[in-house]
Amino acid sequence: MATAELAGKHLVLGMTGGIACYKIAELTRLLTKAGATVQVVMTEAATQFITPVTMQALSGRPVYTSQWDGRVPNNMAHIDLSREADAIVIAPASTDFLAKLAHGMADDLLSTLCVARDCPLLVVPAMNRQMWQNPATQRNVAQLRADGIEVLGPDSGPQACGEVGDGRMLEAAATYEAIASFFSPKILAGKRVLLTAGPTFEPLDPVRGITNRSSGKMGFALARAAQQAGAEVHLIAGPVALDTPWGVFRQDVQTAQQMHDAVMRSVADADIFIGVAAVADWRVDHASEHKIKKTAERALPSFTFVENPDILASVAKLPHPPFAVGFAAESGDLEVHGEEKRVRKKRTASDRQSRPTDFRPRR
Ligand SMILES: Cc1cc2nc3c(=O)[nH]c(=O)nc-3n(C[C@H](O)[C@H](O)[C@H](O)COP(=O)(O)O)c2cc1C
């Protein structure tokens, strides 16, 4: 998880009344661990869901809940708190609060702070699916976007009320990533990055197969970094137990052939291809349809292997390949084997015909 972008940042974390307030305890922990200063401001309704005591303990700063709070020397918390801030993040953002923001209302500390701000505002909606779909909410969200306010999420899935649909708040980790992404320099803005990650799984029968020790962490970290750098990211993942980085489009596959086919279907749109997956070189010619049983004679099974397609080589030999990056895991003579692999995959240093790609920083 990227932390550098958040170190030293000063955030006002505004909480409004919703069940998702429980996620903000974890979000606060993640933000402070990354070195951000978190000033929590809660609406009266938010204090019904989680106490200011908890939020003070986690943020390490007194929490503000009222505009009549005399702790700010000039008694103008609604102005002063945002003047120190790099951004205000409203999480969870209730239906009510989105409506207030869209109409510029200022009838409590948090809403007044937002109207009086001179820093970016990010909102993380959290509500029941009908509240989210309500035309008034949709109008308000469209207005917020038009006003330059970042709307992060919402997520889709089971809700606290028992219904299923759009409207639930992003998980704390995803909200954290989205905030980090907001602060990251967009050096890959406008670029499309296609990555593979993780191992592949080549079946022997319905319950067994050949795989490898790839965790997928490297590919997922690169996908996250590319997204945070502003790229549109398509991640094709083998079987891994990892959360999808926020803002990344993920496609799951099992076998090398499936991964190859998925890459070849999408590579024409990519400016950059990064093959991080540990792709199996071979697969069993014909996987058994049924579980292979031990026999009374204890005869060992035997398999015939065939070669899998080479994904990086297939990409590299396209007439107009994207800028292609490969990885080599070796057990010895690393540079020799790595260079030999690069040449074999037809991408020697003097033989680059990649589509031109401009990597200059945008800001
Ligand atoms: C148990 C309970 C859960 C609620 N959950 C949500 C919610 O997830 N999202 C939402 O927009 N409103 C929710 N509400 C309604 C808000 O708390 C209510 O609209 C409140 O006025 C919001 O005030 P605020 O925007 O000033 O924080 C819930 C209310 C209750 C009683």
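1. Let me start with a term: a polar contact is a pair of N or O atoms within 3.5 Å, and within protein one must be able to donate a hydrogen and the other to accept it, with residues adjacent in sequence counting only if both atoms are side-chain atoms. Between domain 1 and domain 2 there are 4 residue pairs in polar contact, both residues at pLDDT 80 or more.

2. A word on what we're looking at: this is a predicted model, where local features need pLDDT of at least 70, side-chain atom pairs count only at pLDDT 80 or more, and totals for chains, interfaces and linings use all residues. Residues are numbered from 1 along each chain as its sequence is written, and side-chain values use heavy atoms, leaving out hydrogens and water.

3. On the layout, the chain splits into domain 1 (10-183) and domain 2 (192-359), with bounds from an automatic or database domain assignment. Their centres, taken over C-alpha atoms, are 40 Å apart. Domain 1 puts 7 residues into the contact and domain 2 puts in 5 (contact means heavy atoms within 4.5 Å).

4. Now the interface area. The two domains bury about 520 Å² between them, 51% of it on carbon and sulfur atoms; buried area here is the accessible area (1.4 Å probe) that two parts lose on being put together, summed over both. On the domain 1 side, Glu 177, Ala 178 and Ser 181 lose the most area to domain 2, together 73% of what that side buries.

5. Which residue forms a salt bridge with Arg 224? Glu 177 does, with the closest N and O atoms 2.9 Å apart. The rule (a side-chain nitrogen of Lys or Arg within 4 Å of a carboxyl oxygen of Asp or Glu) finds 1 salt bridge across the interface of domain 1 and domain 2.

6. Finally, the ligand has 14 residues around it, and Gly 17, Thr 43, Ser 94, Thr 95 and Asp 96 come nearest (a heavy atom within 4 Å is the cut-off). Gly 17 brings a polar backbone atom to 2.7 Å from a ligand oxygen. Polar side-chain atoms do likewise from Ser 94, at 2.6 Å from an oxygen atom of the ligand, and from Asp 96, at 2.7 Å.
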